[in-house]
Amino acid sequence: METQKFSVEWRDTDFLCVGGGIAGLMAAINAAEQGMDCVVLEKADTRRSGSGGLGNDHFICYIPEVHGDYATFISDIMKLQNGDRLRQMGPEWAKSFFMKTWDIVRLWDEWGIPMKHDGGYYFAGHAVPGRTRAFLKYNGIDQKPILTKQARKRGVKIHNRAMGYELLLDDQGRAAGVFAIDTREYKAYVYRAKAVCLGTGAPNGVFPNANRGAWAMRTNPLNLTGDGRAMAYRAGAELCNMEMPGLHAGVKYFCRNGQATWEGVLRDRDGVPIGPFLEKPDPLYGDITMEVNKRHIESYTKSARSPVYMDMTGLSREQLDLMEHWLRQEGNSTLLRHFRQEGIDMIDTAVEFSTYVLKLPISSGIVFNGGSETCVPGLYAAGDEGYGGISGAAVTGWWAADSARAYAADKSLADAGQLRPKAEECLNLAEELCAREDGAHWLEARMAMENIAWDYCGDLRSHAMLEAGLAHLRRVHARARETLRAENPHELMYCLGMLNLFELAETMFLMADERRESRGQHRRVDYPLQNLMLDGKRHFIRKNGGEAVMSWR
Amino acid sequence: MPPVINKDKCIRCGQCVDVCPMDVFYSSKKGETPVVRYPDECWHAEACALQCPAGAIDFRIPLTIMVPFRKLPHER
Ligand SMILES: Cc1cc2nc3c(=O)[nH]c(=O)nc-3n(C[C@H](O)[C@H](O)[C@H](O)COP(=O)(O)OP(=O)(O)OC[C@H]3O[C@@H](n4cnc5c(N)ncnc54)[C@H](O)[C@@H]3O)c2cc1C
Ligand code: SF4
């Protein structure tokens with residue numbers, strides 16, 4: 001085997017943000033403002049990358065003059081989609097988070113991300129009729145080019161088309177750098193940094209896409225492969241609740257996040273609403289049926305009662321135009337283009353909705369505290385690495401920089417010698433993947449992993465299946481490591497992403513076996529009851545001397 | 001084939017190549033009409049079309065992601 005030779009470049013900075021999404025850019029902006037030398041490492045291009053790359057339109061926040069009493073606000077929020085994640089972080093965290101959101105709204109407005117509609121703050125969607133509306137509608141389509149500009153203005157160096165693959169620790173176990181590969185050239189980088197922040201977004205593995213054949217049409221971008229979680233895990237940081245799958249629903253086949261932008265009513269083919277909340281569209285609230293139970297659409301359809309439609313009848317043309325405006329703010333321009341091409345006018349035509357397949361949710365991820373610190377010194381994590389949402393990413397990214405600045409103040413860069421052995425190991429792996437003349441394409445490996453995840457750790461689980469599945473998953477993972485082949489640096493990025501996803505899939509199997517109860521979308525046929533003693537507890541996993549150690553707190 | 005580039009309109013500026021988050025135009029070069037090397041990896045969110053100064057990009061929606069629709073009884 002001829003190894004493909006890479007050139008290697010060493011670079012230094014104070015603060016390295018891996019992932020230039022909302023969290024990474026906000027961390028970098030804050031760090032640079034406080035005088036840190038800062039690099040954003042981004043596998044695509046920060047102007048359009050990540051889940052927020054083509055925009056979003058709902059920004060959960062607390063604005064005192066709009067919402068008044070915080071106690072009523074938070075009690076209403078806890079009942080909906082964000083409740084579980086907030087409970088996981090705890091009430092104190094939730095309060096400081098919401099207090100910070102208002103600052104970010106004003107900052108973003110100042111920077112040119114329009115947070116107002118018609119001159120005022122407009123809250124709509126994700127809400128129960130008559131209760132608190134916590135989601136601010138905003139014009140997010142250009143949020144990424146704007147944040148990129150703000151970062152550059154403060155001297156942040158943006159390193160696009162480079163994928164962070166491995167955290168490098170110094171001899172005291174502190175985060176001290178990152179090994180990265182170029183996604184367009186045969187080139188590798190070894191970054192030394194005093195502190196590192198992970199913000200690589202929500203992994204969209206490990207289960208198969210419901211829509212076979214359209215494997216890139218997922219709720220989140222295909223190139224989000226859980227790299228941050230896998231890097232953190234290998235470096236000894238804690239992950240939590242990896243066995244708790246998430247579920248989403250949305251327009252059928254054109255799979256994508258962003259369900260709450262749809263303002264219509266979910267109805268069956270006879271026009272009967274499938275949920276109890278709305279009789280006719282109400283743009284202020286939206287049909288919350290999906291949020292109460294994302295499986296409701298699937299069950300409705302499976303019981304062969306009827307397909308389920310999102311029906312906008314009742315909106316005026318002006319209201320519908322406004323809804324389409326919000327859809328565009330959320331990256332749905334192609335969907336609207338498709339509707340135009342097919343002659344679908346939503347004023348009098350309903351579009352089908354479906355429950356999507358299980359996925360690893362954002363709440364299954366890296367454990368970080370109120371300062372976005374992980375348990376590895378010098379390592380921070382933010383956004384979809386463990387909390388989620390646009391304001392979640394903005395606030396936790398911001399906090400990561402505050403903590404990193406305080407931490408890095410008296411640190412110096414690690415000796416290159418301490419980082420070299422691990423960096424060389426990674427380089428060998430990259431070279432080998434590119435040198436193989438025949439072998440498995442990353443997509444083959446991905447489909448294999450997805451089949452195993454679904455068949456043995458899918459929507460019905462048991463000890464016997466989990467044990468057998470994990471054994472097979474490990475064999476396939478090992479074989480993938482020996483045989484994966486990248487034809488070029490682009491494919492190398494996906495091969496390395498696959499190795500990361502395998503690692504996360506293993507934590508999911510281990511933790512699913514350990515959770516001997518049924519809860520949410522984790523359904524154990526051998527433990528059908530919810531174990532009330534686990535209420536309010538999180539399930540943790542971390543690597544200790546090569547072994548996975550699990551605990552509850 | 002998701003993005004489809006109109007060769008007559010394209011000014012070969014390479015901006016779509018720079019910005020595409022999925023790098024579907026991988027290996028395309030400035031000065032040449034971009035080639036959609038990895039069409040199956042497209043997320044259909046139009047970063048390229050938004051960026052294109054020449055309005056040279058259209059989309060062919062894959063058959064797999066066509067959305068089913070219907071007129072409900074009260075819509076007929
Ligand atoms: C279509 C859609 C609509 C949504 N609508 C809303 C909404 O209205 N409101 C809301 O609150 N939330 C919404 N969300 C969720 C929201 O977009 C995310 O919560 C948010 O973007 C998370 O920010 P982040 O920085 O953590 O991750 P991302 O914004 O996803 O950024 C992660 C970044 O890391 C990069 N990256 C990944 N791996 C690596 C690596 N190994 N090395 C270097 N770079 C890497 C990626 O390219 C990306 O730029 C939506 C998501 C989608 C997909
Ligand atoms: S952005 Fe438009 S004009 Fe420029 S290369 Fe791409 S298709 Fe051609």
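Domain bounds here come from an automatic or database domain assignment. On that basis, chain A splits into domain 1 (57-139), domain 2 (249-355) and domain 3 (437-544), and the centres of domain 1 of chain A and domain 2 of chain A, taken over C-alpha atoms, sit 23 Å apart. This is a predicted model, so local features need pLDDT of at least 70 and side-chain atom pairs count only at pLDDT 80 or more, while totals for chains, interfaces and linings use all residues. Residues are numbered from 1 along each chain as its sequence is written, chains are lettered from A and ligands numbered from 1 in the order in which they are written, and side-chain values use heavy atoms, with hydrogens and water left out.

**Where chain A meets chain B**

- Counting contact as heavy atoms within 4.5 Å, chain A puts in 59 residues and chain B puts in 37 residues.
- The two chains bury about 4200 Å² between them, with 55% of it on carbon and sulfur atoms; buried area is the accessible area (1.4 Å probe) that two parts lose on being put together, summed over both.
- Six salt bridges cross the interface of chain A and chain B, a salt bridge being a side-chain nitrogen of Lys or Arg within 4 Å of a carboxyl oxygen of Asp or Glu.
- One to look up is A:Asp348 with B:Lys71, where the closest N and O atoms are 3.1 Å apart.
- There are also 24 residue pairs in polar contact between chain A and chain B (both at pLDDT 80 or more). A polar contact is a pair of N or O atoms within 3.5 Å; within protein, one must be able to donate a hydrogen and the other to accept it, and residues adjacent in sequence count only if both atoms are side-chain atoms.
- On the chain A side, strand E12 (308-311), helix H11 (333-342), strand E13 (350-355) and helix H16 (489-514) each supply at least two of the residues that touch chain B. Helices (H or I, at least four residues) and strands (E, at least two) are DSSP runs, numbered from the N terminus.
- H11(A) gives the largest share of that side, eight residues.
- By residue type, the side of chain A that touches chain B divides into 21 nonpolar, 18 polar and 20 charged. Here Ala, Val, Leu, Ile, Met, Phe, Trp, Tyr, Cys and Pro count as nonpolar, Asp, Glu, Lys and Arg as charged, and the others, Gly among them, as polar.
- Two strands pair if DSSP finds at least two bridges between them.
- A:Ala350 has B:Arg70 as its bridge partner in E3(B).

**Domain 1 against domain 2 in chain A**

- In this pair, 19 residues of domain 1 of chain A are in contact with 17 residues of domain 2 of chain A.
- The two domains bury about 1600 Å² between them, 58% of it on carbon and sulfur atoms.
- Within domain 1 of chain A, A:Asp57, A:Pro129 and A:Asn139 lose the most area to domain 2 of chain A, together 30% of what that side buries.
- The count of salt bridges between these two domains is zero, but seven residue pairs are in polar contact (both at pLDDT 80 or more).
- The domain 1 side of this contact divides into eight nonpolar, seven polar and four charged residues.

**Strands in chain A**

- Strand E1 (residues 7-18) runs parallel to E8(A), with eleven bridges joining them; A:Ser7 has A:Lys187 as its partner in E8(A).
- E1(A) also runs parallel to strand E2 (residues 38-41) of chain A, over four bridges, and A:Cys17 is partnered there by A:Val40.
- Elsewhere, four strands form an open antiparallel sheet in the order E14-E9-E16-E17 (chain A). Its edge strands are E14 (365-366) and E17 (547-552), each pairing on one side only.

**Other spots to check**

- Over all chains, the salt bridge count comes to 49.
- A:Glu166 and A:Lys422 form a salt bridge, their closest N and O atoms being 3.9 Å apart. That pair links distant parts of the chain, strand E6 (residues 162-169) and helix H13 (residues 416-435) of chain A, with the two residues 256 residues apart.
- The peptide bond from A:Gly205 to A:Val206 is cis, with omega near 0°, and A:Val206 is in the loop between strand E8 (187-198) and helix H7 (227-234) of chain A.
- A:Arg161 has a positive phi of about 60° although it is not a glycine; its place is in the loop between strand E5 (157-159) and E6 of chain A.
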